[in-house]
Amino acid sequence: MTTRRGEAVALAGLLAAAGVTHLVRPGVYDPIVPRALPGPARFWTYASGVAELAVAAAVAHPATRRAGGRAAAALFVAVLPANVKMAVDWRHRRPTKRAIAYGRVPLQAPLIWWALRVARADTAGRRSR
């Protein structure tokens, strides 16, 4: 397995795992849905889970990997407000939980970089063929 393909497979796996947990354990995610979004939090939890699964599939398939990588980057940007809300809401929790909540915010930057790297790597691979 090439490094490029390995990165894409790993990213697809991460997205798929996140998507499954959103659908199987929505109660974990409902509280971090920003209140500014219209409708019930559960809708947004399920919608983000479905989006993560769809993007995982796009990243996993070579023909759609470029678009999938870009979509993954956009998805990571889109969930940033939920991670910020979690950090604010958990600011009075135990230190371990606070560290998890606070850590999710800066983690978005390397996730966005990774997704864009997967999208660019696919483009570079197509040019060299």
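This is a predicted model: local features need pLDDT of at least 70, side-chain atom pairs count only at pLDDT 80 or more; totals for chains, interfaces and linings use all residues.

Residues are numbered from 1 along each chain as its sequence is written, and side-chain values use heavy atoms, with hydrogens and water left out.

A search of the whole structure finds one aromatic pair, and Phe43 belongs to it, with its ring centre 5.0 Å from that of Trp44 and the planes at 85 degrees, so the pair is edge-to-face. For reference, rings of Phe, Tyr and Trp (its six-membered ring) pair if their centres lie within 6.5 Å, and planes under 30 degrees apart count as stacked, over 60 as edge-to-face and the rest as tilted. Trp44, at 28% relative accessibility, counts as partly exposed.

Next comes helix H3, which covers residues 41–60; helices here are DSSP runs (H or I, at least four residues), numbered from the N terminus. Its 20 residues should span 28 Å at 1.5 Å a residue, and the end C-alpha atoms are 28 Å apart, which agrees; the expected span is 1.5 Å times one less than the number of residues. The buried residues of H3 are Thr45, Ser48, Gly49, Glu52, Val55, Ala56 and Val59. They cover an arc of only 135 degrees around the axis, which puts them on the same side of H3, the arc being that of the directions from the helix axis to the C-beta atoms.

Which residues form the nonpolar patch on the surface? Val20, Leu23, Val24, Tyr46, Val50 and Leu53 do, with about 480 Å² of accessible area together, and helices H1 (3–24) and H3 are the elements that give two or more residues to this patch. Such patches are made of residues with over 30% relative accessible area and no salt bridge, nonpolar side chains being joined within 5 Å. Tyr46, which is found in H3, counts as partly exposed at 34% relative accessibility.

Finally, the structure holds three salt bridges, each being a side-chain nitrogen of Lys or Arg within 4 Å of a carboxyl oxygen of Asp or Glu. In one of them, Arg117 pairs with Glu7, the closest N and O atoms being 2.8 Å apart, and this pair links distant parts of the chain, as Arg117 lies in helix H6 (residues 95–127) and Glu7 in H1, 110 residues apart. Glu7 counts as buried at 18% relative accessibility, whereas Arg117 counts as partly exposed at 34%.

The side chains of Arg42 and Asp30 also meet in a salt bridge, at 2.6 Å from N to O. Arg42 lies in H3 and Asp30 in the loop between helix H2 (26–29) and H3, so this pair ties together parts that are 12 residues apart in sequence. Lys85 and Asp89 meet at 2.5 Å, N to O, and both lie in helix H5 (residues 80–89), four residues apart, about one turn of the helix. Lys85 is buried, with a relative accessible area of 12%, while Asp89 is partly exposed, with 35%.

Methods
Patches are made of residues with over 30% relative accessible area and no salt bridge: like charges are joined within 9 Å, nonpolar side chains (Val, Leu, Ile, Met, Phe, Trp, Tyr) within 5 Å. Accessible areas come from the Shrake-Rupley method with a 1.4 Å probe; for residues, only the protein chains shown count as cover. Buried means under 20% relative accessible area, exposed over 50%, partly exposed in between (1.4 Å probe, protein chains only).
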